[in-house]
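Please find my notes on this model below.

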Amino acid sequence: MDAEQLKRLENKETAYIADILSEFNTKNANLLVFDSFHANNQWYALWLAIFGILDDATLAALHTQCLNTVRILTRDEFSLETHFIEPDVNTLLSLARLDGSGDDQDLDLSQLAEPQAAIMTETLKCLCNLVYQNEQCRRQCLRQHALDSVVKRLGNVSTMHSYPSTLEYHDMKLLFLLTALDPSARTRLQIDLNGMTYMTKWLDDKLTDGTTTTTTTTTTCFTDEQLNTIIELLKVMFTVTSTPDKSPNESEIQSLHLTGVLRELLLRFGSLATERERAVVTHAINLLTNITSSCLVELTVKCSNAETETEQATAETETDVPQPAEGAEAASAAPAPVAQSTLKCCAQCYERRNVRGLGVLLDFLRAGLNQKDNQASSAELLSPVLTVLVKCARSDRVMRHYLRQEILPPLKDVSQRPEIGNELRNHLCRFLTLPAMILRDLSAELLFVLCKEDVGRMIKYTGYGNAAGLFAKRGVLDCRRIETTEYSSDSEDSDTEEYKQQQQSFNPVLGCVEQPKRNPLEGMSEEQKEYEALQLVNLLDKLHQDGIVQPALIDKDGKAQPVGHILQLRDGLPQQQLDQKRKS
């Protein structure tokens with residue numbers, strides 16, 4: 001922008017302002033480097049000229065273009081740091097109706113004229129840039145109660161028609177930036193403003209408004225803008241719940257309600273049909289990682305027809321039982337009990353509970369596992385859903401049973417190693433030997449919990465070799481039983497007939513049936529065997545001396561303890577063999 005154009009802006013020559021700003025905004029739409037604006041203090045001169053126009057109510061028709069220019073200028077972090085712009089930030093807060101003056105409390109945002117809505121939207125974009133780029137601007141927004149004003153708008157949504165979606169989205173964007181970058185804003189939003197209650201209700205209302213129900217179907221209709229707004233809100237809620245400041249009782253009540261709303265959200269977008277829907281589910285799962293484990297039971301609900309189905313099944317059983325002969329004992333006339341696991345009132349019913357929410361989590365996990373992304377992005381995508389599944393499995397018996405049925409179904413074909421294949425068990429077993437610690441530890445934890453922390457069952461499903469790292473960490477390398485009261489005592493027999501037939505040939509180290517191999521010592525004399533054994537000892541000792549391997553024995557605590565020499569391994573061999581015979 002040349003000096004003449006800048007002079008005309010400063011003098012508010014209305015005949016030229018629109019053309020000058022239009023040219024500037026088009027030319028610098030993607031500008032990120034402002035070195036040329038630092039010469040002769042051009043950035044600050046343009047900034048003052050623009051705000052001179054914004055402060056003039058008679059030039060309101062030009063405010064949208066002016067704010068577009070301001071949005072470009074707010075990308076310059078250096079200039080924001082070096083110039084005094086506090087009065088101008090106050091002007092922006094006033095234009096966005098976020099200055100806490102109370103003038104906008106009775107304003108029906110759904111009745112905003114299009115030019116006024118455009119001005120507020122552009123102003124919010126500018127404020128988002130300022131909050132992100134400059135700490136002083138962030139603090140000033142909080143001092144002027146911008147956070148309070150956004151929350152009040154949120155609370156008024158239920159009492160008025162929804163305000164324009166673009167305005168709604170940028171309100172959420174500003175709320176996220178304030179809470180993510182300033183810890184005091186998170187505390188104020190959660191404690192003083194009771195923001196989680198407002199946000200949960202807003203999310204619940206959004207899901208209700210976007211759903212059309214007929215006698216036969218339920219249709220979900222959300223635009224991309226609405227989905228983006230929901231995503232921003234989920235990000236705010238995740239940030240706030242990361243460091244809860246409320247009492248445990250208050251937090252649990254809120255968490256129960258929030259988990260129920262998140263369950264509905266998972267059901268609405270569980271098809272993962274578009275990238276936006278996948279993003280919504282991703283952020284919902286991220287939020288679930290912050291929910292108390294005891295509240296995750298709300299992800300499943302009691303099937304509405306469960307009691308009716310139970311009564312009908314019982315009645316049918318009583319009808320089918322033949323009448324006993326005279327003199328027979330009364331006990332023989334009693335109907336056979338109805339197995340709980342066979343009662344299903346709908347396709348998503350499991351033990352009288354609707355587990356469709358858990359099904360969405362598993363579908364999301366499968367979709368993530370099938371992506372051929374790099375390891376870093378896989379860990380970022382999969383670790384939250386694995387965390388939620390671990391918490392679900394630990395917190396509730398029915399959820400653990402259902403997850404075990406889906407992830408660790410009864411074994412039939414054990415001809416291949418457990419890490420080979422495309423089922424959930426195969427993917428998780430491959431994770432057990434990954435160098436990525438997060439995925440490795442979460443996968444091991446999930447599988448171990450689904451096995452009720454039974455070492456023998458874990459070996460059956462994963463193989464000792466894959467699970468050795470977990471066993472070393474838990475101190476159960478010697479396959480001792482972990483004493484715990486965390487799980488119910490009832491345990492169904494999961495061994496299929498196919499597995500029992502191959503059990504004798506099952507190699508617990510590999511986790512599969514090992515095909516017979518030729519004995520490498522066949523045809524050797526005793527002297528040759530002794531020579532080969534000594535060679536093996538010498539090679540192992542060389543690896544030890546070079547620091548490549550560290551021989552170890554399992555101590556009384558079930559953990560590996562290093563030995564000084566390779567020959568020390570044979571000292572405890574007879575006792576280990578005796579212990580193994582006792583266990584088997």
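**Notes on the model**

1. The sulfur of Cys429 lies 9.2 Å from the closest cysteine sulfur, that of Cys451, which is too far for a bond. Cys429 is buried at 0% relative accessibility (buried is under 20% relative accessible area, exposed over 50%, partly exposed in between, with a 1.4 Å probe and protein chains only).

2. This is a predicted model, in which local features need pLDDT of at least 70 and side-chain atom pairs count only at pLDDT 80 or more, while totals for chains, interfaces and linings use all residues. Residues are numbered from 1 along each chain as its sequence is written, and side-chain values use heavy atoms, leaving out hydrogens and water.

3. Cys128 is buried, with a relative accessible area of 7%. The structure holds 0 disulfides (pairs of cysteine sulfur atoms within 2.5 Å).

4. Helix 13 covers residues 195-209; at 1.5 Å a residue its 15 residues should span 21 Å, and the end C-alpha atoms are 21 Å apart, in agreement. The expected span is 1.5 Å times one less than the number of residues. Helices are DSSP runs of H or I, at least four residues, numbered from the N terminus.

5. Buried residues of helix 13 include Met199, Trp202, Leu203 and Lys206. Seen down the axis, the buried residues of helix 13 fall within an arc of 160°, so they line one face; the arc is that of the directions from the helix axis to the C-beta atoms.

6. Leu543, in helix 26 (residues 526-545), is partly exposed at 32% relative accessibility.

Definitions and conventions:
Helix = DSSP H or I, 4+ residues; strand = E, 2+ residues; numbered from the N terminus.
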